[in-house]
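Here's a quick briefing to read with the model open in your viewer. Have a look at the fold, then come back for the details.

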Amino acid sequence: MKFEVTILGSSSATPIFNRNPTAQVVNVNDKLYLIDCAEGTQQQMMRFDVKPSRIDHIFISHLHGDHYLGLIGLLSSMHLNGRKKGLKLFCPAPLKEIIEIQLKYSETTLNYPIEYVFTDPSQKAQIFENQDICVETIPLDHRIPCTGFLFRQKKRMRKLIMERVEEIGIPVPYYTSIKKGLDYEAPDGTIYKNDLLSMAPSPPKSYAYVSDTKYNPQYFKQINNVTVLYHEATFMHDMLDRANQTHHTTALQAAQVANEVNAERLLIGHFSARYKTLNELLEEAQSVFPATELATEGKTFVISE
C-alpha cells in the first residue's frame, strides 16, 4: 500500500531562498490529500507534477497566511479547469467566511461543491476515514488556534501464501475469509489452520504533521510510536527565546519530541527566513535524533510501500 508525502513548501512566513511556504501532499494508494496551501502552492504542484484534479481532500492547520493564502487561487483554478466533483475542506470555521467573501466580490460561483468540516483546536478528534486511512486532529500550542493532523493506515488483511492455497486447491471465494483470519474447511472435513494459509500483514504505518507549535508535551501521547513525524523547526536553539515568544519550536526541540514519542523518522521544516542554508538546523536536530531529514521542496518521503 503506497503511503508517502511530498513536500511542496518548507519556509515559514515568506517565500525565500527558493523555499516556498508550507504545503504538502500525502499520497495513500494514489489518493492525494493536500495539507496546508500557502502562496505559490499551485506553481509548486506544476513543478513537482502534482495534479490538482486528483485532490479531493484539503486539510488547513490554521489561519496564518503562510498556511492558506494559496487556497483561494487553487479553488479558483479548479473551477476554471472545469472541476465538477466535490471537495472536502477540513479547516478552522472562519475559513469558510474568508473563502465566501472572496468569491462574492469576484462574482464567482464555483462549478463544484465544497463540503466544510470544521476542526476544533481544543481537543483531538477523528475527522476523516475511508478504507485505507483515518485522520485525526492534533491540538497544538500556537499563537492562534492550530491543529496538526495524524494520518494512520487501517489495519490490513492477512496476506495469502498462494503456493499453499493453490496446492490445497482452495476456491477463490474463500480467499477473503482467509485474509480475515479464518481457517478453511475442505469438502472432506479437513481443517486447514489460517496461519498455514496466510501471513500477518506489516503493522499499520502513520504520519504525524505537527504544524506551528510551541514545544508542549500535551500532544506527545497522541503521536507516540509514529512512523514518520513532520515537526516544525523554525529556529535553531540559540533562538529559543524568540521561538517561545512566537510559539514556535527549535530544531533541537523537534528532535527531542521525536525521541520522546519514539518516532522512527523525523522530518523538520517551516524554516525561518533568517537561515539561507539549512545544514546547521539539520545538524542540531541530528545531534539528538540521528534519523532526521530536511523536509525540503520536491522531496518525497516513503512511509510505507
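This is a predicted model: local features need pLDDT of at least 70, side-chain atom pairs count only at pLDDT 80 or more; totals for chains, interfaces and linings use all residues.

Residues are numbered from 1 along each chain as its sequence is written, and side-chain values use heavy atoms, with hydrogens and water left out. Helices (H or I, at least four residues) and strands (E, at least two) are DSSP runs, numbered from the N terminus.

**Helix α3**

- Helix α3 takes in residues 94–105, twelve residues in all, and spans 17 Å from its first C-alpha to its last. That's close to the 16 Å expected at 1.5 Å a residue (1.5 Å times one less than the number of residues).
- Leu95, Ile99 and Leu103 are the buried residues of α3 (buried is under 20% relative accessible area, exposed over 50%, partly exposed in between, using a 1.4 Å probe and protein chains only).
- An α-helix has 3.6 residues a turn, so residues three or four places apart point the same way.
- On the face turned away from the buried side, α3 carries the exposed residues Glu97, Lys104 and Tyr105.
- The cover over the buried residues of α3 includes α2 (71–80), β5 (87–91) and β6 (114–118).
- Just after α3, glutamate 107 takes a positive phi of about 50°.

**Strand β9 and its partners**

- Six of the seven residues of β9 (residues 147–153) are buried, so this strand is largely enclosed by the rest of the structure.
- β9 pairs with β8 (residues 133–139) in the antiparallel sense over seven bridges (strands pair if DSSP finds at least two bridges between them). Cysteine 134 stands opposite arginine 152 in β9.
- β9 also runs antiparallel to β14 (residues 206–210), joined by four bridges. Here leucine 150 has alanine 208 in β14 as its bridge partner.

**Serine 198**

- Serine 198 sits in strand β13 (residues 198–199) and is buried, with a relative accessible area of 2%.
- The serine 198 side chain makes polar contacts with the side chains of arginine 158 (2.7 Å) and asparagine 194 (2.6 Å). A polar contact is a pair of N or O atoms within 3.5 Å; within protein, one must be able to donate a hydrogen and the other to accept it, and residues adjacent in sequence count only if both atoms are side-chain atoms.
- Leaving out residues up to four places away in sequence, serine 198 touches Arg158, Lys159, Leu160, Ile161 and Ile178 (contact means heavy atoms within 4.5 Å).
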